[in-house]
Amino acid sequence: MRKIVFYGEVSLDGYLSDQNDNLDWLFQSDLNGISTYEEFEKNVSTFVMGRITYQETQKYLKGNELYPGKEKIIFSHHILNHNKDTSFVAGDIIKIFNSLKALDGGLIWIIGGGSIVKVLLENNMLDEIWLQIAPVLLGKGKKLFEPGNYYQKFNLKSVKQMGELTELHLVK
C-alpha cells in the first residue's frame with residue numbers, strides 16, 4: 001500500500017500561508033544550500049492539493065507546468081486548466097485517497113491543504129509528516145493543523161537543520 005505524506009513548510013506559529021493565501025515568506029527562506037526536497041520528490045508519484053494551493057503555486061510557476069509527467073490531483077469543483085497529468089476532483093476525500101492508495105506507485109504527497117490534512121488525520125490515514133519550520137511569525141492565516149476530532153502519536157525519525165529552517169521527519 002502506498003503511503004500518504006505531508007511535506008511542507010509552516011511558519012513558527014503553524015501557518016501554511018498568510019490570511020491572503022500569500023506564500024512570499026515561504027520562498028524567502030534561506031536554506032543555505034541544504035535541502036531534503038529533491039530526494040523526497042523522487043519518491044513521489046502523486047501530488048495532491050486543494051484549489052487555492054494549486055492557484056497560488058501557479059502564480060509562482062509563471063506558466064510552467066507543475067511536476068511535468070507526474071500525476072496531480074487537485075480538489076476543486078472547477079476545472080482550472082487541461083494539463084494532461086492533472087485531474088480535478090470533488091467528493092468524498094477518503095474514497096479518493098483509498099483509491100489512490102490501492103494503485104501501484106510511490107508516495108502520495110499532500111501539498112498544503114490544512115482541510116485535506118484534517119480529514120486524513122480524522123481517519124488515521126496520514127502516514128508521515130516532513131515539517132519544515134520557518135522562523136517567521138504570521139499571526140494570522142491558514143493553519144496546517146486545523147481543529148478536529150483526532151489524536152495521534154507520531155515518532156520522531158529525524159531532525160535536520162536546513163539553513164534557517166528546522167525539519168522534523170515524523171512517522172507512524
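## Overall fold

The model is predicted. By that definition, Y67 sits in the loop between α3 (51-61) and β4.

The protein chain contains five helices and 10 strands. Its radius of gyration is 15 Å, close to the 16 Å that the globule rule gives for 172 residues, so the chain is as compact as a globular protein of that length. Along the principal axes, the C-alpha atoms fill a box of roughly 40 × 35 × 30 Å.

## Contacts, burial and surface

Of the contacts between residues at least 6 apart in sequence, 74% join residues at least 24 apart. Buried residues account for 45% of the 172 residues in the protein chain.

The accessible surface of the chain is about 9400 Å², and 51% of that belongs to carbon and sulfur atoms. The chain carries 19 positive and 21 negative charges, and the mean positions of the two sets are 4 Å apart.

## Aromatic residues

A search of the whole structure finds 12 aromatic pairs. In the pair F75 and F97, the ring centres are 6.1 Å apart and the planes are at 20°; planes under 30 degrees apart count as stacked, so this pair is stacked. F75 belongs to strand β4 (residues 71-75) and F97 to helix α4 (residues 93-102), so the pair ties together parts that are 22 residues apart in sequence. Both F75 and F97 are buried.

One aromatic cluster is formed by Y7, Y37, F40, F47, Y67, W109 and W130.

## Loop residues with positive phi

Y67, a member of that cluster, has phi near 45°, a positive value in a residue other than glycine. The relative accessibility of Y67 is 15%, and because buried means under 20%, Y67 counts as buried.

D21 also has a positive phi, near 65°, and is likewise a residue other than glycine. D21 lies in the loop between β2 and α1 (24-27). Its relative accessible area is 16%, so D21 is buried under the 20% cut-off.

## The loop at G14

G14 is in the loop between β1 (4-11) and β2 (15-17). Apart from neighbours within four places in sequence, G14 is in contact with K142, K143 and L144. G14 and G50 are separated by 36 residues in sequence and, C-alpha to C-alpha, by 18 Å in space.

Methods:
Residues are numbered from 1 along each chain as its sequence is written. This is a predicted model: local features need pLDDT of at least 70, side-chain atom pairs count only at pLDDT 80 or more; totals for chains, interfaces and linings use all residues. Side-chain values use heavy atoms; hydrogens and water are left out. Helices (H or I, at least four residues) and strands (E, at least two) are DSSP runs, numbered from the N terminus. The radius of gyration is taken over C-alpha atoms; the globule rule is 2.2 Å times the number of residues to the power 0.38. Buried means under 20% relative accessible area, exposed over 50%, partly exposed in between (1.4 Å probe, protein chains only). Contact means heavy atoms within 4.5 Å. Accessible areas come from the Shrake-Rupley method with a 1.4 Å probe; for residues, only the protein chains shown count as cover. Lys and Arg count as positive and Asp and Glu as negative; His and the chain ends are not counted. The place of a charge is taken as NZ of Lys, CZ of Arg, CG of Asp or CD of Glu. Rings of Phe, Tyr and Trp (its six-membered ring) pair if their centres lie within 6.5 Å; planes under 30 degrees apart count as stacked, over 60 as edge-to-face and the rest as tilted.
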